[in-house]
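Q: Could you walk me through this structure? I am new to it.

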Amino acid sequence: MVITRPTKVFALFGDPVAHSLSPVMQNRAFAYHGLPFCYIPFRVRREDLNAAVVAIRALGLGGVNITIPHKEQVIPYLDEVDREARLIGAVNTILNQNGRLIGYNTDGAGFLLSLNAEINFTPGGKRVVLLGAGGGARAVAFSLALGGTRALAIFNRNLERAQVLAEDLRRATGCDVETGNLRDDFLYPALARADLLVHASPVGMYPHHEEAPLVKAELLPPGLVVCDLVYNPPKTRLIIEAEARGCRVLSGIGMLVYQGALAFEIWTGLRAPVEVMRAAVKENLHNFESAS
Ligand code: NAP
């Protein structure tokens, strides 16, 4: 694009940011709508986060995405944080509204949109097993609970972390939540009753894509919906094995695209060109040619 006087700048703050797909996705969406906007990744160290947020106002940036490791730490520097982001305890999108910085979290809502748009799944009344209790798992768990999920079973290597998330969910949403660690006997009975399994750990992510999934495919009930938040490779070992078992599957690419689409809509007020953004992501997932 040509940078001119009216060009508005959007940014990504994180550390690292070099491999992020957000710049190609957002710049492609801006170009699609003919907007004089550009999106630039900035590596921001922890000790510089406050200064970087002050610079959003000082430089008049239109908005910013926040990624690892700043999603939680950024909250005290903002003027306002929307309800879902406050519950999740993390912000991934900031809107600069005439100098007032408003924080949102589009990860969970992006996950639900992807489930709905790609496999016509809605969480109301469903039973869900969630593997993991980190940042991605928190966003998914709150969006599911706020979306009317009937029961959530959270399994995590570190049981205490799952228990903290469960307590936050019960207090804020009243959702029925159980917890266990990954070796618990209760994992497979929970899967047998579940409508949806969500994997939210980095196990199976490139370059460790041969790593064994956290659950054995032969114990997955056929018909279960299996969603992996990992998007590189687009077809993880869990997704391949679950598909062969007769499960309905969903890769993490959809969540990545829809969280970006929601950020785009918050910044521009325009409808995000979701398929244009998805194509940009697939073209730039260099390590896997079979991005399908
Ligand atoms: P995170 O906050 O660091 O949490 C990592 C989670 O994975 C924790 O629950 C951790 O358990 C667990 N874990 C890590 N290594 C493990 C292992 N070897 N065995 C079992 N459990 C393990 O990370 P995150 O941000 O939630 O990201 C998790 C994955 O989701 C990443 O692959 C990320 O790329 C993906 N993600 C995708 C999207 C998307 O848009 N598609 C969005 C967010 C995240 P402990 O608590 O025991 O350490």
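This is a predicted model: local features need pLDDT of at least 70, side-chain atom pairs count only at pLDDT 80 or more; totals for chains, interfaces and linings use all residues.

Q: How many residues surround the ligand, and which are the closest?
A: The ligand is surrounded by 23 residues, a residue being near if one of its heavy atoms lies within 4 Å. The closest are Gly135, Gly136, Asn156, Arg161 and Gly252.

Q: What is the make-up of that shell?
A: The shell holds 13 nonpolar, eight polar and two charged residues. Here Ala, Val, Leu, Ile, Met, Phe, Trp, Tyr, Cys and Pro count as nonpolar, Asp, Glu, Lys and Arg as charged, and the others, Gly among them, as polar.

Q: Which helices supply at least two residues each?
A: Helix H5 (135-146) and helix H9 (253-268) do so; helices (H or I, at least four residues) and strands (E, at least two) are DSSP runs, numbered from the N terminus.

Q: Where does Asn156 come in?
A: A polar side-chain atom of Asn156 lies 2.7 Å from an oxygen atom of the ligand. From the backbone, a polar atom of Gly136 is 2.7 Å from a ligand oxygen, and an N or O atom of Gly135 is 2.8 Å from one. The ligand taken alone exposes 920 Å², and the protein buries 78% of that (Shrake-Rupley method, 1.4 Å probe).

Q: Changing topic: is strand E1 mostly covered or uncovered?
A: Strand E1 (residues 8-14) is mostly covered, with five of its seven residues buried, that is, under 20% relative accessible area (1.4 Å probe, protein chains only).

Q: Which strands does E1 pair with?
A: E1 runs parallel to strand E2 (residues 37-43), joined by seven bridges, and parallel to strand E3 (residues 63-66), joined by four. Strands pair if DSSP finds at least two bridges between them. Val9 has Cys38 of E2 as its bridge partner, and Leu12 has Asn65 of E3.

Q: And Ala200, where is that?
A: Ala200 sits in the loop between strand E10 (196-199) and strand E11 (225-228).

Q: Why does Ala200 count as buried?
A: Ala200 counts as buried because its relative accessibility is 17%. Its C-alpha atom is 8.8 Å from that of Cys227, 27 residues apart along the chain.

Methods: Residues are numbered from 1 along each chain as its sequence is written. Side-chain values use heavy atoms; hydrogens and water are left out. A polar contact is a pair of N or O atoms within 3.5 Å; within protein, one must be able to donate a hydrogen and the other to accept it, and residues adjacent in sequence count only if both atoms are side-chain atoms. Buried means under 20% relative accessible area, exposed over 50%, partly exposed in between (1.4 Å probe, protein chains only).
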